[in-house]
Structure formats: C-alpha cells, structure tokens
Number of protein chains: 2
Amino acid sequence: MADGYHGLMQTVQIFPVTGIPEVEPGNDVAALIIAAIETSGPEVQPGDVLVVTHKIVSKAEGRIFEAVDETAYRTAIEAEARAIIRRRGDLVIAQTRHGFICANAGVDRSNVTGDRAVLLPLDPDRSAHGIRMRVRQATGVDVPVIVTDTFGRAWRRGQTDIAIGISGIAAIDDHRGRPDANGRIMEATEIAIVDEIAAAADLAMGKSTAIPVAVVRGVAWQPGEGRLTDLVRSAGEDMFR
Amino acid sequence: MADGYHGLMQTVQIFPVTGIPEVEPGNDVAALIIAAIETSGPEVQPGDVLVVTHKIVSKAEGRIFEAVDETAYRTAIEAEARAIIRRRGDLVIAQTRHGFICANAGVDRSNVTGDRAVLLPLDPDRSAHGIRMRVRQATGVDVPVIVTDTFGRAWRRGQTDIAIGISGIAAIDDHRGRPDANGRIMEATEIAIVDEIAAAADLAMGKSTAIPVAVVRGVAWQPGEGRLTDLVRSAGEDMFR
C-alpha cells in the first residue's frame, strides 16, 4: 500500500469506471471522473491508483486536430515530432516533445468522433497532477493518478498501454540492493510499476468500449513526486536511437 | 471471457498463488502449482488465465547454470544468444534462440539460490502447454497458461513482465477492422493482451516475495492455439535491429 512494501501479498482488483460521457474541448475532465465514481463507483480508498487514458485528457485540453485528411494528419505528426527516429513507408517512429519514442508522434485517429485526431497532452504529468488534486479535494483521499496511452514496441508485435503521465507515485519500483526471496541481493531489477499498472488497467477498459478510467486496488506501489518523463532514456543511454 | 468479447466490462481480479516451494531440477512444476491451488486457492474457473514466472519452469526443466563466476556467466550469455544485437560495456542485448531480444540473452542471476543462473526454457510455449494440460486434467477446467519473464525496453527505463510462452490464448487481441466506441473502424490496434496480463500478474506477485504464480480473472481474452513467438517481429519488419 501507500506506506511501502508489505510481505503479505493480496488480491489485485481493477474496477472499470463507467458512465463518463464523450469528452469535448473545454470539459472539466476531473469533474467528469469524480461524478462517474460518485454515481457508479468504486469509492476510492487509500492505496488505490486512478488510471486515466490520455484521450479524454487530451480532448478536454483541446489537444484535438480537426478535419483530418491524410495530408493534415501527416503534417500534424511532423509538427508533434521533436525528432524522427525511423521512417518506413507511412510508418513514422518519432520522439515527442516529452521524449517518448512512439509511432506517429502519438497522433491518433482511433476512438475519436468524426474526422478528428487526438494529440498527446502537452504535459501529461501536469494533467495527472491536476486530476489527483481535484479527486483529493472531492473525496478526501489522495490517490495517485496515471495517464496512459497505447504504444507499440521495438521488437514485438502488438501494443500495450503504458504510462505517459503520473502524479503521486514512483514510476520505478526499485529492487536494486534489496534481498530477493533467497536473501541474495538482486541485480538491476527496476520494475516500471506504473507501466504494469497501465497495462493492467487496460484489461478492465477494453479498446472498443468507452471505458476511459479504472481504479486499481491492492498494488504495493511507492509514493513519489517524480515525473513520468524520468522513465525516458537519455540519448546517451539509448542503444537503439 | 473465453467465448469472446462482451459489452459489459467487469472487475479484473489477480490472485497470487502462495505455497509453492523452492523448485529444483526434475521437480514436477505442474504438480506443485496444482497442489498450491488446491491448498491455498483460488479454485480455477472457466475464463481464468494462469500466469507462471519462467524461473520455476526453467528450474524444473534443469535450465540452470551452476557455479557461476563472471566468466562462466558471460560464456552462458554468449551460448544462449543466437545473435548479439548491441553491446555496451557489460551490457549485452541479444536475440535468443526463440527470437526474443533482451538483456543478457535471458540469462538471469537474480532470485536463484546460491551461485546459479537461470536460462530461459528451451520452448516456453511447450512448457505452457504442458502445465495447461496437467491443470485441465487435475481440475477439469481448461485455463490458458502464460509463462512470463521480466524484460527491459528500448527507450524506457525499468522493466516489465511480459509473456515468453503461451497456451490456449491468442497473443494478440486484434481490434483491426472492429468499430470503436464511436462506430469508427479502428486502425491498427493490435493489443498484445498476453503481455498486459503478464504485467498485471506481476503486480500481485512482487519481485522480492516468492510468489511465482497468479490467477487472473475477468479479462476478455480470446482463445487461440498460436505460439508466443508469433509476437516476435521478423528481421524484415524490425526497424531497430
């Protein structure tokens, strides 16, 4: 729980939060999440983690690109990219302003009404922090918030949800120097727990259903005030850029 | 559930399976898992997924490298590698015989008693299949099995658990051509659901506790008889090799 490791493992539960309407630019996404939780549950508890897909955050923040034809879509990708890492045919792997390396610089045409594409939030950590503060104010419970997106991987087919913004939780669950189950000091095990929580939350959301928020309960996370961008490898330690 | 998608999302639950002893070469790992489930639960139900960390599988299969000094460890890595992808100082990123690209060709010194290192199973899909058949025989329930390992990522710090062997479940949850929540046909969303389940299971296992097995309940997975190695990108479609 929030106070650090405990020896007793427990059941992890992931609750989909239903009843969040289609989000439009200017909407108060924190208010929509709070209302949905109040109406449909689950009541947030200390130790819970709130996971929010970035699309509703981006839409609320006006990070929508209108009237997308192919040319406009390509232009948006180039505009969002700080650097193009690889290009093959229509596929662009780019580094975003945040440092993330992903397909199409995070510009996404799926799950958006009409001919619009969604961009990543300008500062997803800040977005997560804003939601966390509002939820704390409304419920009295300080739950960490993880904002997620769906990314591909370098050497494996398929995509998984990962964290792109965090507040109130340590991104890395650092096992370096901690004895393992055999009393041996473990080497170089740094679990990206916020990415594991993001992936787990996606299992309760589905992709073709409109469930953009989940509450994850029972995970032994550690509090932290770092930024998700701490997870991004610098060019110097990146062997594949 | 096993019969495909349903519109109603439900709570996902991840149960750690406790009481599995230290595994030694020649042990019957399926029998140990079945005994632990019978003793401590949870009773497996149709729709559940059984997640097993590869280390107990590798140990039972004798995939242990004894008397590891640094030279022997380096030799084991070179022996396990089909190809070296990158090398920087002591860090080796290699392709394994299965096609996986990972640090140290999957040779791992953490969480092993004494001076031993664990290698990956020779055929993790086959290992998963063997456990699945034994669990079906013992319980009457055919649950898919995912064998996992902890891998790093190209551009992000930290590691997450992913699938290295599967049986009875489709590795990719293919949303291509399926309408999204707005009725729009989604583009290129292929969720690597077995990797999301692997990551989720790790949340209930922890790294410094000896919980090598979890039961995941409430995920809308699709049955399949493919191999996990289907997830490995061929050299031709790999932009980062």
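This is a predicted model: local features need pLDDT of at least 70, side-chain atom pairs count only at pLDDT 80 or more; totals for chains, interfaces and linings use all residues.
Three strands of chain A form an open sheet in the order β4-β5-β6, with antiparallel pairing.

- From one strand to the next, the twist averages 30 degrees.
- Six bridges link β4(A) to strand β5 (residues 91–96) of chain A, in the antiparallel sense.
- To find this pairing on screen, look for I84(A), whose bridge partner in β5(A) is A94(A).

**Chain A as a whole**

- Chain A has five helices and twelve strands.
- Of the 241 residues in chain A, 50% are buried.
- Among the contacts in chain A with a separation of 6 or more, 65% are between residues 24 or more positions apart.

**Two domains in chain A**

- The domain assignment divides chain A into domain 1 (1–61 + 125–232) and domain 2 (64–120).
- Where the two meet, twelve residues of domain 1 of chain A are in contact with twelve residues of domain 2 of chain A.
- On the domain 1 side of this meeting place, the elements that give two or more residues are α2 (54–60) and β8 (145–152) of chain A.
- The element that gives the most to that side is α2(A), with four residues.

**Strand β12 of chain A**

- Strand β12 (residues 213–217) of chain A is mostly covered, with five of its five residues buried.
- V213(A), V215(A) and R217(A) point one way from β12(A), while A214(A) and V216(A) point the other way, and all are buried.
- In a regular strand, side chains alternate between the two faces of the sheet.
- Strand β1 (residues 12–17) of chain A pairs with β12(A) over five bridges, in the antiparallel sense.
- Strand β2 (residues 49–53) of chain A also runs antiparallel to β12(A), and four bridges join them.
- A214(A) is a handy landmark in β12(A): it is the bridge partner of P16(A) and also of V51(A).

**Strand β2 of chain B**

- Five of the five residues of strand β2 (residues 49–53) of chain B are buried, so this strand is largely enclosed by the rest of the structure.
- V49(B), V51(B) and T53(B) point one way from β2(B), and L50(B) and V52(B) the other way.
- With strand β12 (residues 213–217) of chain B, β2(B) pairs in the antiparallel sense over four bridges, and L50(B) stands opposite V215(B) there.
- With strand β8 (residues 145–152) of chain B, β2(B) pairs in the parallel sense over four bridges, and V52(B) stands opposite V147(B) there.

**Helix α5 of chain B**

- Why can helix α5 of chain B be called largely enclosed by the rest of the structure? The reason is that 13 of the 13 residues of α5(B) are buried.
- At 1.5 Å a residue, the 13 residues of α5 (residues 193–205) of chain B should span 18 Å, which agrees with the 18 Å between its end C-alpha atoms.

Technical notes
Residues are numbered from 1 along each chain as its sequence is written. Chains are lettered from A and ligands numbered from 1 in the order in which they are written. Domain bounds come from an automatic or database domain assignment. Two residues are in contact if their C-beta atoms, placed from the backbone, lie within 7 Å. The expected span of a helix is 1.5 Å times one less than its number of residues. A residue is buried if 20 or more other C-beta atoms lie within 10 Å of its own, exposed if 12 or fewer, and partly exposed in between; C-beta atoms are placed from the backbone. Two strands pair if DSSP finds at least two bridges between them. Axes are lines fitted to C-alpha atoms, for helices over the stretch in contact, and angles run from 0 to 180 degrees between N-to-C directions.
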